[in-house]
Every structure is written in structure tokens, then in C-alpha cells.
Amino acid sequence: MIALAVVGVPLVAMLVCVVSRAARIAAALACLSVGGLAIAALVSASAGLRYSYAAPLRSAFLVAIDPLSALLITLCAAVCLFSVASSARVGDRGAYFAICSLALASATLVLVARDLGLFFIGWEMLLVSLAILVRHWGGPGRDEASIRLAVHGLAGSGLFLVALASIAVARGTLDIDALGARPIAASGQLFPALLFLAAFAPAIALFPLHGWSVRTFVAAPPAIAALVPGLLATTACFGIVRVCLGLFPQGMAAAAPVLIAFAAVGAVYAALVASRQDDLRRLVAFAAVSQQSLAALALFAGTTTAIRGAIVIAIANGLGAAAFIVVGAAVADRSSSFLFSRTGGLGASAPRLAAVGALVALAATGVPGSAAFAGDVLAIAGTYERFPAAAVIAAAALVLQAACAAAFIRRALDGPRLAETSRDAGWRETALVGVLLAAIFVVGLVPRVVTDRIGDEVLPAVEVTP
Amino acid sequence: MTLVLAVAIPLVAAILILVAGARLPRLVLALIGTAAPAFTLGTVVALAQSFAAGKTELIADLGPWLPLRGADLALRVDPPAVPLMLAVTAVAALIAIAMLVDAPRDSDARSFAGLALIVAGALVVVTARDLILLVAGFGMVGASGAVLAGGASWSAEAARDRAVSLVTARLGDACLLVAALAALALFQTVDLQQISDRLAAIDLAAPAQNALLAASVLIIIAAASRSGLLPFSGASADGHAPASSVAAATLASASGVLLLLRTAGALHPSALASTGALGAATALVASAASLAAVRREPSRTSALLGAAVAALSASLFAATLVTVVVLSARTAGLVAPAPRLRWLRGASAVVALAVASVALSDHPATTTVLLAATALEAFGAAREARTSAPDGTRRDLALSVLAATGLGAATVVAAGALGGGLSLGSAPTAPSGTSALVLALVAVLGGTIAGTSRLRLPARAAAVSRAVVQLDALRDGTARSFASAALIAERGSDLVVERTLHAVARIAVRAGEASRAFGAGSAWAQEALLIAATAAVVAYWIAR
């Protein structure tokens, strides 16, 4: 029932948002409820639910929640709650919060779906809802950003659909557990694995399919930009684990060297480019792409340690990018621009904001104690088992990410002040970032709260050697 | 429990200051900031007493941390670690007291939190049982040191220092992480004791030897980057920060030496031997560079830590002794900011280098190089004394007395610990030690005479040394290359990716047009193509 509830509650909230004036409260309550239900699922066994809604297509409403799903649903709910909380002044509030709730419902549907057809529906709904949010509530460049988001997402979805149809015909079912129990011959796994991956690769901003992500960060308001790594990239990671690695481990292993090469290039390239940006939003976007590429690299390495690391990175990135976005918006608010050339010296004029900003930047680079540190160590350690050279490149990417954080601290927070006085961080900004930072450091200091939930039973069963 | 407390007290204090520091009254903040290192020192003294009473090992195991073999939250103290812990905590307590007077009000929270994190991290480096926890402690020290670099200054130069420190620190972290993973692959564990035992018990095959050598080189690079050894000397914090911040940064820099001390048993013998040459060369070049009077304090720090690293090639005993003396001497010199007593900075460096020369008396070549460095430092100290301002304040005097007391206390504790209940292996032999000491004293005397006379080191030689130790051209060149590469990567890749996507889209459109033309405009032709493609996929699946 919990699996059904985590999807149903935000859908109900969506309807309430449309008809009620208390849209923001309804959306926030939905996020809180979903988060609470997911935490409840983490501590209690939850049975699945089956209802065949499209028998000719071999598709059923089959949902179940396992610890990995529950963990990621908690993250999605937290990021969505953050997004709702930081959307104080938006136009057309009812529609805005309704679509935010729809995005959360879509993400949770992806995370609890045990049927590929249902998974596909959730995935499409998520893409469309994010594209609508960017298109209607974005700033300059929103048209191009939303079109790119839709094109990248839907092009991959087309291939996903082809794979889905062929599986339904060839295997007679879309039940993920049933498909996993009767694995396809190793020699036939590469093609379907790549078809499914085509849907997830743009969402996780795998190089060179990352361009939409940067444009979305620039065009979308901060609250919506946070949903990109928080919801879309997280569910894409989950999709790779559950579908690509879970159903086609041999195929993924065969493609791993090429995929890892793309991910490694992406991690280094994005960090390198991020450190030279003059626009704060582009810096955050490229930094997030670099972290997501590290997660992708670990997923493609395919070892259990690396997969655990990738999931911890996804959580760290979801929380860290959200915090980074709030800080970036606050810095831009003080200097009336997102450009570094027009800001600087906030350490002297707004010390609390500077301190919080420095902490967020350091946490994003994976300093010890942060969630990113635990994720990076696990991801690189797991990758080293099979691809030592890629692990070394990933470690180099960490240094470049530090250069990116140093660039942010140096150009926005440090240095001589540009304005005599700047408003320091208010209670709302401090509280929002403080909660996110607390979560980041709790996961970093006690990573077992996450890694113990990612037991072997929820990870792909076969660890293969190429 | 005592061992856990030693790490937990500064960590909790740092978190407390970070969370509530800005809202706390200065008195409360100062109390927390100074009480934490003081309590930590007390805890470590209690540990030392138990070791002096005969304990040989203390382990605190808090359970699994990361799901990797041997990566637990476990601390382990053995006799060689005790003097290091004492030195770190005693120095930190001294710096905290100095910060009360020295640090500007607007940077109180940052200074105290940074110092507490450095202490916690350094203690983790000294006591970590496995390499992954060591990486965490090392990284914590590096990040905290970067935050403190440049002190409270908001100048562009201080901002640059902080940025360079952070990147250099993370470079060291990355090297150490890869080395730890290489060790994990090689020995199937990250437990330092188990690695040392296995290394002693088995003969590694040639490929494994190469892997171990590579891992050892990475560890040395990590230590060099943190301690400002060649070629990383220019990355150290600048001297324009408050002295207490520079002292705290020195404590952070010492974590490179602590890292080498902890991993010495797991290093490849060739790599371990190379540390002698690296350390001695750093000491000599950095001592010469400190004469140039620009970035003098970072250069001195590099010189002293270079001496400590050089001592590692002689024995663990020598390295521990020199590290303890270096930390004490450096701190004593730095927290004595009175213009009249500024010579104490140079003098403390001279003392530490002289001790290193004595400790290495069994290695003539290294001793000779270190004595030359001692002479250069003595020259600089004497010249500094001659040019010191004549006036001083009561505060400066109090700090200087405090510094001297700290130096004396730390030296007494170190001497007592090393020579008393804590056996650290072979001590230097008396005759050679005496002769080296005599030589060192002669060098110091010579340097002093030279410094107070009208003799001057040729300006060009000092400039060359400064350029070598700071590698300004190399650093600037690297930064320029980095910027250019980033620019090319951004513009080039954006262009390539954009054009590629447009080309793909154009091809798709033209393919559609071609198919329409081929099918004479009939819609059924496109549908047939789509069905055929889907059928092909289905056929592929069925065939498999």
C-alpha cells in the first residue's frame, strides 16, 4: 500500500492545487507525506500491488517498494519540498504547484514501478512535466531550453519504446522481476541494453548529451533547476540500475569500456569548463554534470561497490546541487547579476552568506565528512576493481572539481568587496541551505544510513567480468 | 573511550562553532575555541601516561564505516604515535591561546573552527587504522588549512592563496585515494598494520612491486603537496595572514609529514629512500628562498618540513623527533609577533634544522645539505634581528613568553617521551650525534656572524632560490594552460557537439525527405519503414 500511496498522494495534491488556493501548502504536505511514507517503508517490509491494466500489451499496474526505491523517493520528496519551499513568488501558483506535484508523482512512479510499461509512463510524465515547468516559468532562453530538454528526453524515449515493444512481443511480459528471473542470453543483451540506456543517458547528462542540462539550469528558475539533478538524474540512475544493469548485465559489461570512456571524459571536461565560467548558473550546471558523470562512470563499472557509490553520489548531488542553486540565487540577488564579473567580496559584506556558500562549495567537491566524499570513495574504489585507469581519471576529476569550487569561492565570496553593504543571508535562505547541508553531512559522516539500505538483494544480481 | 574523545572533542567543537559560531558572544566562542584543544591535550596526556605505564597498543573500534574491506571507523595508537599526538595537541592549544589576541574579531569563528578541524584531522591521520580513514583525516586537514590560508584578509592575493591551497590539497587527497585503492587491490585490505605485515612476510612479484612503487610515489606526492615540498613549495599560505593563522596552516602542512610517518611501513623501499633527497633538497632551496624576504614564512615552513621528511629516510625515531621539534619550534616562532622579537621566528627554524642535522648524522650527505640550510637560516635570522623594529608592546611580550614556554614544554615532553617509556627503535649514536651538533652550532654561529656583519648574500642567488622554491613561472604557466584548455574545451566541444547534433538532425530530415521521394510521397512508405524497423528489432530478439 505504501508503494501505491507514494504515487497517489502527490496526484491527489495535484488536483487540490488546481482547485484550491492553498496550492503551496498542499504541494508541501504531499512532499512531506511522500517522504514520511518512504521512511516508513525503509523500516518496514512493504508488499507489492498488481493490477493488470493493459493485458494485450503484457503490462500491469505492478508496484512495489524496496529499500533502494524508498531511499531515492525520500531524496525526491526532499528536493521537491525544497523546491516548493523556495517558490514563494511565482505566477499562476495553482498550475505551478500542480505540475510540481505531478513531477513528484512521476518520479515516485518510476521508482516503485515493477513493470516496464508503468516505468515508461512515469518516465514520460516526468520529462513532460519538467519541460512544462521550464517552458512556462523559466527566464530568458526558456523556449530553447525546454525544447532541448524535450527533444533529448523524447528521442531517448522513442528508443525505450522500441525496446519495450520488442520485449513485450519476444518475452511475453514486461514484469521486471519476471524478466530478471529469466535472463536473456548474454550474446543478445547488448542491443536492448543500449536502447534502454539511450533514454537514461541524456537524463544523467552523459557526455556529449549534456548540453540541454546546462541550458535548463540557466533558463529555469532556481527552484525548478534543482529538480533536474534531484528528480531526473536520480531516477535515471535508478533506471540504469534496475533496467540496464538488472536485466542486461552482460550487455552493459560489453559496452562498459566505451561508456566509461564517455563518462570519464564528461567528468573531467565538465569540471574543467565549470572552473572557467563567468556565469554562476553555468558553473553550477557544469559542476552537477561532472558529479553525474562520476555517478555514471561508477554505474557502468558495474561492481556492487561502484553502484553503491553511484547511488550515494546521486543523493549527494541532488542535495548539493539544490543547496548550490540557493546560494547562487542569493549571491545573484545581492549583486543583481549571475555574472562573476559583477560580484565578489561577499565575505566582507555578507559573512554568513559567504560562510554558508563556502561550506556548500566544499561539500560539493567532496571534502571528508560530506556525502560526496563517501560516494566518490566508493565509486572510485568500485571502478578501480575493473577499470583502474578510469578510476585514476575520476580522481583527477575530483581535483578539477576543487578548482571549480575554488573559482566560486574566490570570485564570488572572497576578494575585495564590490559593494559597501550587502544584505546577509536571511533566515529562509539559511534554514533552506542549513537543512540540506545537515543532510549532506549526516550522510557523509554516517554513510551506513544509505549504504546499509542498498543491500545485495536490491542491486543487480550478477557481477560480471567483461 | 579516551582515544575516541581525543578526536571527538575538537570535531564536536568545530561543528558547534560552525553551526552557532556567528551568534555566540565572543567570550563563549573563545572559550569553546580554546577549551577544545586544551581538553584534547589533556586527553592525549592521559593516553601518554598509560603508555608510559607499560601499555603497548590502544584500539578504538566504532564499527564499519564504508562498505570496503577494512574501511572501519577504527583508531589505533602505538608508542611512536604518542609523541606526535602530544606535539599536535600541545601546539594547537598554544595557537588557540594566541588566536585570542591575534585573530581579528570578524574571523573568530572561522579561525577557531578551522583550528579544531585541523586538530581532529591531524589526530585521525596519526591514529587511523586504515588507509581510507587516513584519506578522510588528511582531506579534512587540507580543506581546513585552505580555509585558514590568507587569514582574515579579503585581499585578492589572500583569495588566490585560498584557491591555490584548496586545489593543491585536493590534488594530494586524490593521489592518496588512488594509492589507497592500489594498496587495496594489491593486499586485499586497507588496514595499515595488515599491509605492513604482509609486505614484511611475502616477496612481491615484479608487477606487484611496480604497483607498490607507483602507490608509494603517489603517497609521497600527496605528502609533498601538503607539506610544501618541492615542487609544491609555492602553494603554501602567505605570510600576510595573522601569525596564529600561519601557525595553524603550519600545523596543517605538517600533516604531510605525519602521513609519511604513518605509511612508512607500507612504502616501497626505493620510494622511502628518495624522501631523504627530496626533503634535504627542499630544506636547502627553501632556506635560501626565505632570504629573499618574500613569502618568507611559507618558505621556512617548507624548509623545516623538508628536514623532517629527510629524517624519515634515516629512521622512524629521527623523523618523529624532528617532526615534534619542528612543530614546536615553528609555532613558538610564529606566535611571537613582536617586531623586536621577530628574530625568534628565524631562530626557531635554525634550532629545528640543527636538530634535524643531528638526527641525520649517520647520513653524511643529507646532514651536509641540512647544515648548509641551517647556515642559511641562521644568516637570515641574524639579518632579521638586525632589522627588527625597536618598539614592542606588552601583548607581544606576553605572547613571546607564551611561545617560548610552549616550545620548552613541548621539547621537554618530546624528549621525555622519546627517551623514556616510549621506545621508538634505534636512537642516533652518540659520537656522530655530538660531532654533528658541533658542526651545527658552528654553522649557526657562522651564519649569525655573517648576518650581523655587512656581508650580504648576492641578491641574484636569493632571487633564483625564490623562483625555484615557489616555481612562480611553472605555476603561472600551469594556470594559463589550464585556463586555455578550459576555454578550448568549452568553445570547441560546444561547437563540435552542436554541429554534430545539427548534422544528425539534418541527416534525419533529409532521410525523411528521401524516403518520401522514394515512396513517391505515399504515407504508407514511411509507415512501412517504421514497421520494418520494429519488426527487425523483434526478429532480432526472437532470434536471440
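**Notes on the predicted two-chain model**

1. A:Ala310 sits in helix H14 (residues 304–335) of chain A, where helices (H or I, at least four residues) and strands (E, at least two) are DSSP runs, numbered from the N terminus. A housekeeping word: this is a predicted model, in which local features need pLDDT of at least 70, side-chain atom pairs count only at pLDDT 80 or more, and totals for chains, interfaces and linings use all residues. Residues are numbered from 1 along each chain as its sequence is written, while chains are lettered from A and ligands numbered from 1 in the order in which they are written.

2. Is A:Ala310 buried or exposed? A:Ala310 is buried, because 29 other C-beta atoms lie within 10 Å. The cut-offs are 20 or more such atoms within 10 Å for buried, 12 or fewer for exposed, and partly exposed in between, with C-beta atoms placed from the backbone. Beyond its neighbours within four places in sequence, A:Ala310 is in contact with A:Cys237, A:Ala295, A:Ala298, A:Leu299 and A:Ala379; contact means C-beta atoms, placed from the backbone, within 7 Å. A:Val241 is 69 residues away in sequence, yet its C-alpha is 9.8 Å from that of A:Ala310.

3. The axes of H11 (residues 227–247) and H13 (residues 280–301), both of chain A, come within 11 Å and cross at roughly 10 degrees. H11(A) is therefore roughly parallel to H13(A), the label for angles under 35 degrees. Axes here are lines fitted to C-alpha atoms, for helices over the stretch in contact, with angles from 0 to 180 degrees between N-to-C directions.

4. Which residues of H11(A) and H13(A) meet? On the H11(A) side they include A:Cys237 and A:Val241, and on the H13(A) side A:Ala295 and A:Leu299. The contact residues divide into nine nonpolar, one polar and no charged. Ala, Val, Leu, Ile, Met, Phe, Trp, Tyr, Cys and Pro count as nonpolar, Asp, Glu, Lys and Arg as charged, and the others, Gly among them, as polar.

5. Now the interface: 43 residues of chain B are in contact with 54 residues of chain A. H6(B) gives the most to the chain B side, with 15 residues. That side divides into 33 nonpolar, four polar and six charged residues.

6. Chain B has 20 helices and two strands, and 56% of its 544 residues count as buried.

Definitions and conventions. Parallel < 35°, antiparallel > 145°, perpendicular 65-115°, else oblique. Contact = placed C-beta atoms within 7 Å.
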